[in-house]
Amino acid sequence: MIGMLTGRFVAAEDGGCILDVNGVGYLLACSARTLDRLRAAEGAVRVLVETQVRQDAIVLNGFADAAEREAFRALVEVKTVGAQKALVVLSGLSVDELAQAIAFKDRKRLAAIKGLGAATANRIIDEPAMQKWAVGRPTPEADGAGATVSGIALAPPGAEADAVSALINLGWKRPEAQAAVKRAKARLGEEAGLEGLIRDSLKELAR
């Protein structure tokens, strides 16, 4: 199984590109966002790969970074959302935008992606595993390994720290996430749980 390729971008293909690796051209399926990044790169580029073996073909899906690959892995687990539709989603929204749309249950935002449709958008939004990914998704390291973000030493313990980490994963900066969670805890009380803190903080940050 191929997990990564390093080579030179040769040309865009329908739904992907060709990567020259030591004289061998690999056809990669990829999102429009990854394709744009590969086009702009100079010299050799590293592409993370998710290999899918089907009865009729071996498909290499390429990603410019590990965050997009993790989002792809989550999306293809949703019923009727295969690799092709997952790449359509990732072409329409960045990983952070996708996570926010799912966390806020923003069905219109997903349905507006060209080639997706309302039924598939609803299926993604309503999938419990996608909700879990959106709030507690892994933040991959630069080398491609996944590592869940945790609170720094000065972060408050328990649910408050977890809520801060979840908001950071959704794209907010640590200072604003900490401030929002602190205010949410003040409103909800000391016994506030993780889900309540995240929900209340998201409502404030969305204003």
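A nonpolar core is a set of buried Ala, Val, Leu, Ile, Met, Phe, Trp, Tyr and Cys residues joined through side-chain atoms within 4.5 Å. In this predicted model, the largest such core has 44 residues. Leu75, Leu98, Ile102, Leu110, Ile124, Met130 and Trp133 touch the most other members. The largest share comes from α4, with 6 residues.

Neighbours within four places in sequence aside, leucine 110 is in contact with Leu93, Leu98, Ala101, Leu116, Ala121, Ile124 and Ile125. Another core lies apart from the largest one. This other core has 13 residues, among them Leu5, Val21, Leu35 and Val49.

The chain as a whole has 207 residues, of which 41% are buried. Its secondary structure comes to 10 helices and 5 strands. Contacts between residues at least 6 apart in sequence were also examined. Of these, 51% join residues at least 24 apart.

Helix α8 spans residues 159-169. Of its 11 residues, 8 are buried, so α8 is largely enclosed by the rest of the structure. The buried residues are Glu160, Ala161, Ala163, Val164, Ser165, Ala166, Leu167 and Asn169. After α8 comes glycine 171, whose phi is positive, near 110°.

Two helix partners of α8 can be described in turn. An angle over 145 degrees would count as roughly antiparallel, and one of 65 to 115 as roughly perpendicular. The two helices are therefore oblique to each other. Their crossing is right-handed. On the α8 side, the contact is made by Glu160, Ala163, Val164, Leu167 and Ile168. On the α9 side, Arg174, Ala177, Gln178, Val181, Lys182 and Lys185 take part. By class, this contact has 6 nonpolar, 1 polar and 4 charged residues.

The other partner is α10. Here the axes are 9 Å apart, and α8 and α10 pack at an angle of about 45°. These helices are therefore oblique to each other. The crossing of α8 and α10 is right-handed. Helix α8 brings Ala159, Glu160, Asp162, Ala163, Ala166 and Leu167 to the contact. Helix α10 brings Leu194, Leu197, Ile198, Ser201, Leu202 and Leu205. The residues of this contact divide into 9 nonpolar, 1 polar and 2 charged.

Leucine 188 is placed in α9. Its relative accessibility is 42%, so leucine 188 counts as partly exposed. Beyond neighbours within four places in sequence, leucine 188 is in contact with Gly196, Leu197 and Asp200. Leucine 188 and aspartate 200 are 12 residues apart in sequence. Their C-alpha atoms are 8.5 Å apart in space.

Elsewhere, glutamate 13 is found in strand β1 (residues 4-13). At 38% relative accessibility, glutamate 13 counts as partly exposed. Setting aside neighbours within four places in sequence, glutamate 13 is in contact with Ile18 and Leu27. Glutamate 13 and leucine 27 are 14 residues apart along the chain, and their C-alpha atoms are separated by 8.1 Å.

Two loop residues have positive phi values without being glycine. Asparagine 22 has a phi near 55°. Asparagine 22 is placed in the loop between β2 (16-21) and β3 (24-29). With 79% relative accessibility, asparagine 22 counts as exposed. Lysine 105 likewise has a positive phi, of about 55°. The loop that holds lysine 105 runs between α4 and α5 (107-111). Lysine 105 is partly exposed, with a relative accessible area of 42%.

Key. Residues are numbered from 1 along each chain as its sequence is written. This is a predicted model: local features need pLDDT of at least 70, side-chain atom pairs count only at pLDDT 80 or more; totals for chains, interfaces and linings use all residues. Side-chain values use heavy atoms; hydrogens and water are left out. Axes are lines fitted to C-alpha atoms, for helices over the stretch in contact, and angles run from 0 to 180 degrees between N-to-C directions. Helices (H or I, at least four residues) and strands (E, at least two) are DSSP runs, numbered from the N terminus. Angles under 35 degrees count as roughly parallel, over 145 as roughly antiparallel, 65 to 115 as roughly perpendicular and the rest as oblique. A crossing is left-handed if the near helix is turned anticlockwise from the far one by less than a right angle, and right-handed if clockwise. Contact means heavy atoms within 4.5 Å. Ala, Val, Leu, Ile, Met, Phe, Trp, Tyr, Cys and Pro count as nonpolar, Asp, Glu, Lys and Arg as charged, and the others, Gly among them, as polar. Buried means under 20% relative accessible area, exposed over 50%, partly exposed in between (1.4 Å probe, protein chains only).
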